Amino acid sequence: MGTRDRAIRRETGMTARKRWNAAGIALLLAAVVVAAVGTTVGGGATKVQAPIIIGWAFDSRGNMAPFDNPALAAARIQVRAINAKGGVLGRKLQINVCDTQNNNPTRAKACARSLLGTGAHVIFTTCDVDFATPVVQEAINRGKLAVAACIGTDQMGPKRFGAKGKLAFSFGNVAQDEGSAMAEFAWRKGWRTAGIGTNTVIVYFKNVTAAFEKRFTQLGGRIVARESYATGANNVNAAVSRLNGADADVYVTSTAFGELPAFVSGLRSLGNKTPILNSWAGDGTYWNPKSPLVTEYYAVTYASVFGDDPNKAVRNLIAQLKKAGAAPATGGFVTGAAAIDGVVTAIRRAGSTDGAKLAQRLELFRRVPALGGEINFSKRFHSVFGRQYRVIKIQNGKPSYVGSVKAKVVPNI
Amino acid sequence: MNVLAVVDAQTLVDAVGLGAVYALMAVGIGLVFGVLRLVNFAYGQLVMAGAYTLAFTSTWPVAGSIAACFAVVIALSLLMERAVFRPLRTSSPAVMLVTTFAVAFLLQSVALIVDVRDDTIGEPASSVAPLNQAISLAGVDVRKVTLVAVGVAIVALGLLALLLGRTTIGLQMRAAAADFRTARLLGVRADRVIAFAVVLSGILAAAVAVILTVQNPLVSPDFALKDTIVVLVGVVVGGIDRLWTATLGGFAIGFATGVINGALPTEQTVFLPSAVFALVILVLILRPAGLFARGRGALVERV
């Protein structure tokens with residue numbers, strides 16, 4: 001027994017040692033596992049925390065700079081705000097930019113490739129669909145979502161880019177919606193007859209006035225004159241002369257560039273005081289001639305940049321932009337922030353940054369809140385409709401917000 | 001169909017105004033061509049520079065603003081001649097033409113970089129905006145600027161005729177235009193004559209800037225660019241070899257543009273450039289030496 005007992009004790013002792021050893025090994029293993037898991041988790045967390053990269057090809061100094069710079073500045077502020085609240089799906093947002101240098105097509109394409117090469121999950125592009133095309137094509141060909149902050153036609157989508165265009169969206173208002181909202185406003189003002197001056201130089205301008213006419217006549221209004229002119233054709237003054245001869249409650253146009261002050265001051269110089277209604281193209285005061293003062297002039301836009309926008313978030317954003325030395329000239333800046341909001345919502349809903357999944361979610365957007373107003377998309381329209389427009393009136397050279405308006409229908413034109 | 005039968009008096013008046021402005025531009029282009037054998041595509045950028053000067057000095061008294069416009073455009077004209085045209089004087093016309101393209105795009109790009117600093121494109125110039133007001137004549141609104149443009153065009157042409165016909169420098173310019181090399185051999189100072197023609201051309205460009213900004217007060221980098229292209233075509237159509245045919249060509253294309261714009265259905269003015277250039281092609285086929293040239297390929301004085 002003694003031997004046996006010793007043996008048993010030895011065995012027991014050995015068992016105990018083994019147990020301790022086993023426990024030690026187990027602890028070690030656990031530590032390793034925990035460490036490994038921790039690393040994995042950490043690695044996962046690192047992965048999870050890897051930023052979602054927005055590659056933004058923009059025009060810093062060229063013809064589209066007045067649209068791209070404010071949108072980008074607003075987007076950056078919005079990204080900071082979202083990141084401060086923890087980001088999206090636990091990941092921070094990061095904007096990488098590339099200057100297309102006045103939308104040189106070769107440079108724009110190189111920008112897109114460069115941004116995609118650095119891991120961009122979503123590509124943002126400039127605010128004109130023609131200029132945007134090289135960037136959009138690079139993005140959608142690689143299955144990435146392509147977003148424009150403020151393209152204002154229905155071209156950003158399958159209509160322009162075919163099947164792969166399902167991945168292309170704009171957070172600008174579709175022109176048909178804008179023209180329709182202008183008609184609602186005109187009708188609400190009691191204007192029953194309209195003279196239309198169409199700038200034929202770009203699709204957006206033409207679509208706005210066509211949609212205005214469609215909706216205005218649906219509401220019971222009458223078009224008493226239709227004139228057209230084109231940027232650079234030096235015929236806006238002739239159009240003005242002929243519109244001046246038409247007795248209308250309101251003159252409607254959609255124009256910017258040199259033709260805008262020519263149109264407005266041309267009519268006023270002839271002593272014509274009939275109200276003039278313009279689209280977002282005519283927002284801002286940078287174009288206002290010093291004489292004669294702009295008066296009885298209305299424009300619909302995304303936001304009032306004159307300190308009286310009804311939305312506090314918009315006013316705050318303007319204040320931040322001013323602080324950053326990027327005071328916006330028109331309400332278009334809002335689209336940069338709204339586009340970030342929209343893409344973030346799509347990422348949250350899709351749980352992914354995959355282009356196709358994001359596009360699918362975006363097409364389902366109905367009254368999705370974003371900075372400055374609600375966003376709607378559909379299979380037909382990859383540009384926003386149903387947004388609340390601000391109406392700005394310039395009277396004796398002084399601009400102010402005078403109300404809001406929303407399109408009730410998006411007419412077929 | 002008589003085109004004039006389908007346009008109203010208002011259209012004709014507006015067309016005359018446009019024609020007068022284009023005639024002034026044609027004189028400026030024709031003057032430099034006559035002496036240098038150079039089609040200056042950058043002429044529009046001289047007008048643009050003048051218009052920007054009016055915009056940037058729009059808070060000044062009107063006279064000061066206009067004086068600054070003339071000073072800047074004349075200085076830029078001389079700089080262009082000294083820095084670009086003079087070194088290339090012996091180059092082929094094709095090289096010189098391409099060079100003017102380069103100068104034009106350079107100036108336009110510089111203007112864009114300067115203009116877009118405030119994130120907007122375009123600067124308003126309204127120094128002589130009251131000229132945009134109209135006086136009513138028999139139910140037709142005639143803008144004061146139209147009368148001014150016609151008046152300036154007539155006076156400028158008259159003064160030029162006097163200068164070319166009655167002064168030594170005018171005689172030298174005509175001699176240089178007829179045969180530059182022989183004129184130099186006979187003692188005509190080439191640099192002086194060319195500089196003088198360039199200055200005159202600059203003065204006319206400044207005048208055009210003042211007139212154009214009355215009706216088109218927002219100045220942008222492409223200001224007067226398309227007008228220049230149309231006027232260059234008009235100058236060729238009229239007959240580039242002679243100053244008065246070039247001037248008439250400028251007026252004709254401006255007037256025709258205005259009339260065709262009025263004759264087209266109001267919603268179809270998008271076809272205006274097509275219609276104008278179709279007419280240009282027709283004229284060049286029928287009158288290759290120029291619409292107003294005397295005979296085909298006639299030997300004529302160039303200024």
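Q: Two strands count as paired if DSSP finds at least two bridges between them. With that settled, which strand order does the open sheet of chain A have?

A: This is a predicted model, where local features need pLDDT of at least 70, side-chain atom pairs count only at pLDDT 80 or more, and totals for chains, interfaces and linings use all residues. The open sheet has seven strands in the order β7-β6-β8-β9-β10-β14-β15 of chain A, with mixed pairing. Strands (E, at least two residues) and helices (H or I, at least four) are DSSP runs, numbered from the N terminus.

Q: And the numbering and lettering?

A: Residues are numbered from 1 along each chain as its sequence is written, while chains are lettered from A and ligands numbered from 1 in the order they are written.

Q: Which strands sit at the edges?

A: β7 and β15 (398-405) of chain A, each pairing on one side only. The twist averages 25° from one strand to the next; angles run from 0 to 180 degrees between N-to-C directions, with axes fitted to C-alpha atoms (for helices, over the stretch in contact).

Q: How do β14 and β15 of chain A pair, parallel or antiparallel?

A: Antiparallel: β14 (residues 389-395) and β15 of chain A share seven bridges. Ile394(A) stands opposite Pro399(A) there.

Q: What does helix α7 of chain A touch on the sheet?

A: Helix α7 (residues 203-218) packs against β6, β7 and β8 of chain A, at about 165° to the direction of β6(A). Contact means that C-beta atoms, placed from the backbone, lie within 7 Å.

Q: Switching topic: how many residues does each chain give to the A-B contact?

A: Chain A gives 38 and chain B gives 37. On the chain A side, α9(A) has the largest share, six residues. That side splits into 17 nonpolar, 17 polar and four charged. Nonpolar covers Ala, Val, Leu, Ile, Met, Phe, Trp, Tyr, Cys and Pro; charged is Asp, Glu, Lys and Arg; the others, Gly among them, are polar.

Q: What does Lys290(A) contact?

A: Leaving out neighbours within four places in sequence, Ser58(B), Pro124(B) and Ser126(B). Lys290(A) lies in the loop between β9 (276-278) and β10 (297-301) of chain A.

Conventions: Contact = placed C-beta atoms within 7 Å.
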